[in-house]
Amino acid sequence: MVTIVDTPIDVALVTDAVRSSRHGAILVFEGVGRETHAGKIVSSLRYEAYVPMAERELAAIVTETQTKWPGSSVAIAHRTGCVAIGEPSVVIAVGAAHRDGAYAASRYAIDELKRRAPIWKQEVYADGTAWIANREPA
């Protein structure tokens, strides 16, 4: 399952997409908006995506992750539009036979999403806005 939505992410739906009797671990990562960044108060977030390319890239990440961790299941949902502080902007669910595989697969999926997906975040502050690269700091 790969989805990009402009409404709140249904975390249970993403999680249910990876449920299987062969999995002993289900791990759900929620990336949520935080209220501060670089010493500024963030009032809200806005995400934009080049949706056709982002969906293809997320699907490729799901396939790669499931190949690297055979037997795993992976689902990714990402939000576009305005996202309130504390609300998920990305949800990644991984089902795997064991927790070590679930943790490793989840980390791989979010790192690759941040590195490759054409999705951009704008932070809204009381005194303006800033576009924040969808990348992890070096």
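Q: In this predicted model, in which helix is Ser 106 found, and is Ser 106 buried or exposed?
A: Ser 106 is found in helix 3. Its relative accessibility is 6%, and the cut-off for a buried residue is under 20%. Ser 106 of helix 3 therefore counts as buried.

Q: Which residues does Ser 106 touch, leaving aside those up to four places away in sequence?
A: Residues up to four places away in sequence are not counted here. With these set aside, the residues that Ser 106 touches are Leu 27, Phe 29, Ile 92 and Val 94.

Q: On which strands of the sheet does helix 3 pack, and what angle does its direction make with that of strand 7?
A: The sheet is open and has four strands in the order 1-5-7-2, with mixed pairing. Helix 3 packs on this sheet and touches strand 2, strand 5 and strand 7. With the direction of strand 7, that of helix 3 makes an angle of about 145 degrees.

Q: How do strand 1 and strand 7 each run relative to strand 5, parallel or antiparallel?
A: Four bridges join strand 1 to strand 5, and Val 2 stands opposite Ile 76 of strand 5. Six bridges join strand 5 (residues 73-79) to strand 7 (residues 88-96); here His 78 stands opposite Val 90, and Ser 73 has Gly 95 as its bridge partner. Strand 1 and strand 5 run parallel, whereas strand 5 and strand 7 run antiparallel.

Q: How many residues of strand 5 are buried?
A: Ser 73, Ala 75, Ala 77 and Arg 79 point one way from strand 5, and all are buried. Val 74, Ile 76 and His 78 point the other way and are buried as well. The count for strand 5 is seven of its seven residues.

Q: Is helix 2 roughly parallel or roughly antiparallel to helix 3?
A: Helix 2 (residues 51-68) and helix 3 (residues 99-116) pack with their axes 10 Å apart, at an angle of about 150 degrees. Angles over 145 degrees count as roughly antiparallel. Helix 2 is therefore, relative to helix 3, roughly antiparallel.

Q: How many nonpolar, polar and charged residues does the contact of helix 2 with helix 3 have?
A: Residues of helix 2 in this contact include Leu 58, Ile 61 and Thr 65, and those of helix 3 include Tyr 108, Glu 112 and Arg 116. By class, the contact has seven nonpolar, one polar and five charged residues.

Definitions and conventions:
Residues numbered from 1 in each chain as written. Predicted model: local features only at pLDDT ≥ 70, side-chain atom pairs only at ≥ 80, totals over all residues. Heavy atoms only, no water. Axes fitted to C-alpha atoms, helices over the stretch in contact; angles between N-to-C directions. Helix = DSSP H or I, 4+ residues; strand = E, 2+ residues; numbered from the N terminus. Parallel < 35°, antiparallel > 145°, perpendicular 65-115°, else oblique. Contact = heavy atoms within 4.5 Å. Nonpolar A, V, L, I, M, F, W, Y, C, P; charged D, E, K, R; others polar. Pairing = 2+ DSSP bridges. Buried < 20%, exposed > 50% of the residue type's maximum accessible area, 1.4 Å probe, protein only.
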